[in-house]
Amino acid sequence: VSNLKPSVVGASGKEWTDESGAKHRALASCPYFTTELITSTGRAAVHAGTESFVSLVILEGQGAVENGEDRLSFATGDSLFVSAGSGAIQIKGECTFIKTTV
């Protein structure tokens with residue numbers, strides 16, 4: 001990727017709560033990536049579709065990410081990579097993290 005150009009950031013500041021009760025805030029969106037700040041008070045859902053991987057950076061808190069039978073614990077400062085096509089991912093624990101997709 002050597003021909004990047006400055007982007008116009010869109011959707012910044014939009015806030016919503018998902019079905020699991022996690023709070024989302026759009027940080028930035030451009031043709032190259034989208035970022036959200038997500039705060040979970042116990043559970044959050046993330047979807048890794050076939051169109052993009054999902055990067056999660058844990059800003060504070062601890063818990064576990066689960067996908068079917070797979071479970072991985074995390075804590076503040078951890079960075080997690082979820083492969084494209086992984087489907088529904090459950091984030092369990094009280095935490096704040098940044099979710100990035102392309």
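These are my notebook entries on what I looked up in a predicted model of one protein chain.

**Entry 1: the chain as a whole**

I began with the secondary structure. The protein chain has seven strands and zero helices. Read along the sequence, I wrote its pattern down as β-β-β-β-β-β-β. I then looked up burial: of the 102 residues, 35% count as buried.

**Entry 2: the aromatic pair**

I looked for aromatic pairs and found one in the structure. Its members are Phe 53 and Phe 81, and the pair is stacked. The centres are 5.0 Å apart, with 25 degrees between the planes. The pair counts as stacked because planes under 30 degrees apart fall in that class.

Which parts of the chain does the pair tie together? Phe 53 lies in the loop between strand 3 (34-48) and strand 4 (54-67), while Phe 81 lies in strand 6 (residues 79-82), so the pair links parts that are 28 residues apart in sequence.

Phe 53 has a relative accessible area of 28% and is partly exposed. Phe 81 has a relative accessible area of 57%, so I noted this residue as exposed.

**Entry 3: the largest pocket**

I went on to the largest pocket, which holds about 180 Å³ of space. Its lining consists of Val 65, Glu 66, Asn 67, Asp 70, Arg 71, Leu 72, Leu 80, Phe 81, Val 82 and Ile 89. Phe 81, from the aromatic pair, is thus on this list as well. Which elements give two or more residues to the lining? They are strand 4, strand 5 (70-75) and strand 6. Sorted by class, the lining has six nonpolar, three charged and one polar residue.

**Entry 4: Lys 14**

I found Lys 14 in the segment before strand 1. Lys 14 lies over the face of Trp 16, at 5.5 Å from the ring centre. Is Lys 14 buried or exposed? Its relative accessible area is 55%, so Lys 14 counts as exposed. Leaving out residues up to four places away in sequence, I listed His 24, Arg 25 and Ala 26 as the residues that Lys 14 touches. I also took the C-alpha to C-alpha distance from Lys 14 to Ala 28, which is 9.7 Å for two residues 14 apart in sequence.

**Entry 5: Glu 19**

I placed Glu 19 in the loop between strand 1 (15-17) and strand 2 (23-29). With a relative accessible area of 78%, Glu 19 is exposed.

I picked Ala 64 and Glu 60, both of which I found in strand 4.

Why does Ala 64 count as buried? The relative accessible area of Ala 64 is 1%, and buried means under 20%. Setting aside neighbours within four places in sequence, I found Ala 64 in contact with Arg 71, Leu 72, Ser 73, Phe 74, Gln 90, Ile 91 and Lys 92. Among these contacts of Ala 64 are Arg 71 and Leu 72, which I had already listed in the lining of the largest pocket. From Ala 64 to Arg 43 I noted 9.7 Å, C-alpha to C-alpha, across 21 residues of sequence.

For Glu 60, I again left out residues up to four places away in sequence; Glu 60 then touches Thr 76, Glu 94, Cys 95 and Thr 96. How far apart in space are Glu 60 and Thr 96, C-alpha to C-alpha? The distance is 5.3 Å, although Glu 60 and Thr 96 are 36 residues apart in sequence.

Definitions and conventions: Residues are numbered from 1 along each chain as its sequence is written. This is a predicted model: local features need pLDDT of at least 70, side-chain atom pairs count only at pLDDT 80 or more; totals for chains, interfaces and linings use all residues. Side-chain values use heavy atoms; hydrogens and water are left out. Rings of Phe, Tyr and Trp (its six-membered ring) pair if their centres lie within 6.5 Å; planes under 30 degrees apart count as stacked, over 60 as edge-to-face and the rest as tilted. Helices (H or I, at least four residues) and strands (E, at least two) are DSSP runs, numbered from the N terminus. Buried means under 20% relative accessible area, exposed over 50%, partly exposed in between (1.4 Å probe, protein chains only). A charge sits over a ring if NZ of Lys or CZ of Arg is within 6 Å of the ring centre and within 35 degrees of the ring normal. On a 1 Å grid over the protein atoms alone, a cavity is a set of points where a 1.4 Å probe fits but cannot get out, and a pocket is an open set with protein on both sides within 12 Å along at least five of seven lines; lining residues have an atom within 4 Å of a point. Grid points are joined across faces, edges and corners, and a volume is the space filled by probe spheres set on the points. Ala, Val, Leu, Ile, Met, Phe, Trp, Tyr, Cys and Pro count as nonpolar, Asp, Glu, Lys and Arg as charged, and the others, Gly among them, as polar. Contact means heavy atoms within 4.5 Å.
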